[in-house]
Protein chains: 4
Amino acid sequence: MLYFRNDYSEGAHPRILEALTATNLVKTAGYGQDPFCEKAAAAIRTLCAAPEAEVHFLVGGTQTNKTAIGAFLRPYEAVIAADSGHICTHETGAIEHDGHKIISLPSPDGKLTPAMVERAAAAHTTEHMVAPRLVYLSNTTELGTVYTKKELYALHQCCSRHSLLLYCDGARLGAAMTAEGGDTSFPDYASCCDAFTIGGTKNGLLFGEALVLVHPGLREGFRFSMKQQGAMLAKGRLLGVQFQALLEDGLYLALARHANDMAALLRKGLLALGFSLAVPSTSNMLFPLLSTRQAEALSAQCAFEIQDTIDQDHVCIRLVTSWATTPQEVQELLQVFSTL
Amino acid sequence: MLYFRNDYSEGAHPRILEALTATNLVKTAGYGQDPFCEKAAAAIRTLCAAPEAEVHFLVGGTQTNKTAIGAFLRPYEAVIAADSGHICTHETGAIEHDGHKIISLPSPDGKLTPAMVERAAAAHTTEHMVAPRLVYLSNTTELGTVYTKKELYALHQCCSRHSLLLYCDGARLGAAMTAEGGDTSFPDYASCCDAFTIGGTKNGLLFGEALVLVHPGLREGFRFSMKQQGAMLAKGRLLGVQFQALLEDGLYLALARHANDMAALLRKGLLALGFSLAVPSTSNMLFPLLSTRQAEALSAQCAFEIQDTIDQDHVCIRLVTSWATTPQEVQELLQVFSTL
Amino acid sequence: MLYFRNDYSEGAHPRILEALTATNLVKTAGYGQDPFCEKAAAAIRTLCAAPEAEVHFLVGGTQTNKTAIGAFLRPYEAVIAADSGHICTHETGAIEHDGHKIISLPSPDGKLTPAMVERAAAAHTTEHMVAPRLVYLSNTTELGTVYTKKELYALHQCCSRHSLLLYCDGARLGAAMTAEGGDTSFPDYASCCDAFTIGGTKNGLLFGEALVLVHPGLREGFRFSMKQQGAMLAKGRLLGVQFQALLEDGLYLALARHANDMAALLRKGLLALGFSLAVPSTSNMLFPLLSTRQAEALSAQCAFEIQDTIDQDHVCIRLVTSWATTPQEVQELLQVFSTL
Amino acid sequence: MLYFRNDYSEGAHPRILEALTATNLVKTAGYGQDPFCEKAAAAIRTLCAAPEAEVHFLVGGTQTNKTAIGAFLRPYEAVIAADSGHICTHETGAIEHDGHKIISLPSPDGKLTPAMVERAAAAHTTEHMVAPRLVYLSNTTELGTVYTKKELYALHQCCSRHSLLLYCDGARLGAAMTAEGGDTSFPDYASCCDAFTIGGTKNGLLFGEALVLVHPGLREGFRFSMKQQGAMLAKGRLLGVQFQALLEDGLYLALARHANDMAALLRKGLLALGFSLAVPSTSNMLFPLLSTRQAEALSAQCAFEIQDTIDQDHVCIRLVTSWATTPQEVQELLQVFSTL
């Protein structure tokens, strides 16, 4: 059975497991207050050219989004997001559970523009409405599209003008930075965002998201919020050890680039076979359009997700490559497609 | 200065004040456990032909929506509503503050249809998404449109099929029942809705919304929720006294009918003067389209709300009539319009 | 049947009803943005010698406590309160519902001391615990005891030293200021508290609490919080009209003084009859100790609350006087007591 | 430097790491829907003789308590707990953050009795108070004491009589079952509790708590709650793999027994040296009383926590042993103590 369902189907990249094994019996304080976390945080600050940033390590993406946004906003403040944003669709209302409305904006490519943000901000004028305060973007988006450097800076300027915080969910930040057309690098996020995450779960770790707090006003009491949200890992050192290993020798970007390369190979093959893609994604997720019959046939030989039901006879599926995908698996998948 | 800003610009209808004055020194228990509330609740059960329904009296609309929906739903359950619904726009995120996502559906006339509800329900398929559980409608809608009996029953059947609760925000329920084309009556709401409100604030009371709990499963512990939400009035008898007076001798519907009549008079006049209305509302709210210049001129002589900015040069304004509006005020307003 | 159950058993003092009647048909904007509220707020600022304070009018006490504390605190911050505090006992967990832990301290007389506050603050040392941030006191306390000026200033200084906000629930503030031994006056609250309330519900209004925000940092966005909490009355002018009338010609203190006088008369009579009081209260609530048999006999002729079950055979009851209690009612009650 | 600070100072027991390494490249579905989790859940059902129980795997203890209690209770329902309970002291108000009051009862040994529970339940009589609904106990307690089988069954019966749910936080459940005087076993928890946890973090896993839902009414929608709370691990299989390994060949109880044995050795030595213990704990936590001077001297050679400040000159410290503590480390620590 082929497996193109997501980028978190395996455990961890071998170097991560090795690091965990090598440090296993070292005794440290708990809750992320250990030398491994300190060093990983320092490495991130250096990578991002953000010597003042505060770095926290959390376990999962929904947990990180929820803890961060819940800590940043006052009760009546709201989030602006594209309607395909992860917090809008696949986090079971975690942001609302913490009390905040998401103003979700229709966006065919999953991206926000300054004009969209400005219209949403302008539409909220009185105390009878929520007060937009934070712009949530994800890079790569949930549709595999990627913000360019220029787009990111434009959003940053827009947010500054309107006193909006800019938060980037970087669950697939590595994929964004190494995508075709992805010209951003770590320091751009530290320059543009008030806070952003560097995702490990979908890029080779067992688990782990690094949350970088750039804006000084967002730092106070953040560890209280982490603990209150159940988001402070007892053996926090596991996050430090993993991130240290992931950030060494460029492994982070190398893994992401590999995933993107495998997707490019797959995309090329699919187009050659005459399949259409619903979204012009340039990273590690592809969205082929299939007939229902084709999708069924495919599902006998490959695990994948249905992204959307187009009509009674057509679906859009999602194929995801990862650090662990091999060129051979891509070829096998193309082989299957050629028989559909 | 003319005043067509809303239907809660004055105090109460004189008969309400008289009832409060007449009972002022009677000593009763607090918190709605007094003979006045009992009798008002009994009157509502009779009017609705719902002898088993539980009736609670609350002070305001946002408070009632928030308390009811917060009590009805489990944490991960969500509300389906038209995007113009009051809970979506003008309650400062009160429902989200209580933890629940609102799935808001675009609707030009402010109404939901079974097809819309079904699409929204069908789009929520996994535990990574919220679980739609309650359909919120308002009658009249925030655009002054009105659900017919047939539409209400169709929504009821749709909700039953999908195990969705149906909740009607009746802040302007009287206006809905007496509108041109409004063929519903109290028992229809008790038949179709799991819970609904009978609004007093916008129909002649100082304040007060009656919440009718029809579905037996929604009743347990409701008074705990009221108290926790700060929604249990110490001198609860004030609500009982007012509703008793309002429901006597058909005053409730008479006041609403008067407001609708005044709006009809105004609408006829506006159309005769050549003005366009943005929404085909049939109750006590009208939405004329004006040039920005006209709106400015009007604002010197009449208080009203801007509903929407159409473009740089045009706005849609909102004019509201009430139980207190006089035919003379309507004539004066038309006179002003004729000069714009 | 005599009625000593609480101080909100009637409607309003006649002057309040008169003011409502006199202004009933004046048209104003909604939500507290009307001339009546403006003037009432100005009157409060003058009374309190706090020209910069922001004043908001809300409907009820639980609502006010919940809205204020919910707006003031960050998610992980906690309240320090005496264990008999209203928010600890009789608000159905409203503060916790908004996310905040109350650190409740045992206090036989219902009062907090600086030493108690300091111990509680000192016991919270790490991010694994909540962070105490606000001290809640009620004056009069729920046991009818009263903070003196000296005690209030001592708490103020303690809170300043520890960066704690001081909040006074003044549901019975009038009773506190006019009690035997009550030497505080309005400006003391503005000097000592970051925020405090002036209760109307229990001192002659139909309903209404004035919330005075003294600390400038507590003001931003407060009206958003009010709306979100369902605590913004549509016809907000009703609160302004009532408070204006209540604060005119010293009515507020006169009504409270009368209630206290009636309680003093009753206390004197009870002691003369040989009854014991469980608490040395000096305001409008008395807590006689009765045998269960006596309490039963009393309940046939007088409405009151059971405060506490002492043992199988004894209870502590609560008797409350109000602005509406007459000397004759006190005499009748003493007559009943003499037969127990 | 010796390390007796807690039982989560290392990574995982070697057999756990081996299992993770062996399964690392197996591809599975995410979110706990994989064969490893299935088998681990089946193993727990068998161990507990609870074939119908539903088992969920979560990452941490605070997260599990918060997710479970938040899912079980309606908004106005409250928890009864000993005042030393983990949810009362060291979870930064996580339960209150989810809206629920904890009624915390003073308990010198950290345990609840039926009499305590009954008094708390009886004190909550009206809708103005929260409604107690769930009894939280931890075994071992946070003071290292242990509930016996008899005590557990007595609490179970008490809860049944009062329609209270019984929830056991088993962060150190292994230590409780293997403690001196600990006569409970897995099936007792399934018989007595409506839900309970089997803690892995403090007994040899990298991380992981198994939540066993015994009461059928607690199961519906639980995975929605997990996701909403950020408590559903993307690579959920990591929890399944670890628990499978931990439950094999009695490893779980063996590790806990070892920790207890090391504590017994240490206790015997401390008593022989003339030190006093503040709590008669019988599991893997000891609470010696030291002078401040002794504690300082000790801290130069051993990591530990201060449990309590007794007075200016004395403290109670906490020493914790674990699966990884060696007899030699105990001897070295006793050697240090002999020099204090």
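Across the interface of chain A and chain D, 29 residue pairs are in polar contact, both partners being at pLDDT 80 or more. A polar contact is a pair of N or O atoms within 3.5 Å; within protein, one must be able to donate a hydrogen and the other to accept it, and residues adjacent in sequence count only if both atoms are side-chain atoms. This is a predicted model, in which local features need pLDDT of at least 70 and side-chain atom pairs count only at pLDDT 80 or more, while totals for chains, interfaces and linings use all residues. Residues are numbered from 1 along each chain as its sequence is written, chains are lettered from A in the order in which they are written, and side-chain values use heavy atoms, without hydrogens and water.

**Chain A against chain D**

Several elements of chain A give two or more residues to the side that touches chain D: α1 (14–22), α3, α5 (94–97), α10 and α11 (237–247). Helices here are DSSP runs of H or I with at least four residues, and strands are runs of E with at least two, numbered from the N terminus. The residues on this side of chain A divide into 19 nonpolar, 15 polar and 10 charged. Ala, Val, Leu, Ile, Met, Phe, Trp, Tyr, Cys and Pro count as nonpolar, Asp, Glu, Lys and Arg as charged, and the others, Gly among them, as polar.

Glu10(D) and Lys27(A) form a salt bridge, with their closest N and O atoms 2.5 Å apart. The term means a side-chain nitrogen of Lys or Arg within 4 Å of a carboxyl oxygen of Asp or Glu.

Now the area. Chain A and chain D bury about 4100 Å² between them, and carbon and sulfur atoms give 55% of it. Buried area is the accessible area (1.4 Å probe) that two parts lose on being put together, summed over both. Lys27(A), Gln228(A) and Lys235(A) supply 18% of what chain A buries against chain D, more than any other three residues.

How are the two copies related? Chain A can be laid on chain D with an RMSD of 0.1 Å, by a turn of 180 degrees and a shift of 0.0 Å along the axis. The two copies are therefore related as by a two-fold rotation axis. The same surface serves both: 100% of the contact residues of chain A recur in chain D. The superposition is by least squares on the C-alpha atoms of residues with pLDDT of at least 70 in both.

Contact means heavy atoms within 4.5 Å.

| Interface | Residues in contact | Buried area | Salt bridges |
|---|---|---|---|
| Chain A and chain D | 44 of A, 44 of D | about 4100 Å² | four |
| Chain A and chain C | 22 of A, 22 of C | about 1900 Å² | two |

**Chain A against chain C**

Carbon and sulfur atoms make up 50% of the area buried between chain A and chain C. Tyr76(A), Glu127(A) and Phe224(A) supply 37% of chain A's part, more than any other three residues. Glu127(A) also meets Arg223(C) in a side-chain salt bridge (2.6 Å, N to O). The largest share, five residues, comes from α10(A).

**A residue in chain B**

Asn203(B) lies in the loop between β7 (195–199) and β8 (209–213) of chain B. Is Asn203(B) buried or exposed? Asn203(B) counts as buried because its relative accessibility is 6%, the cut-offs being under 20% for buried, over 50% for exposed and partly exposed in between (1.4 Å probe, protein chains only). Its side chain reaches the backbone oxygen of Tyr252(B) at 2.9 Å.
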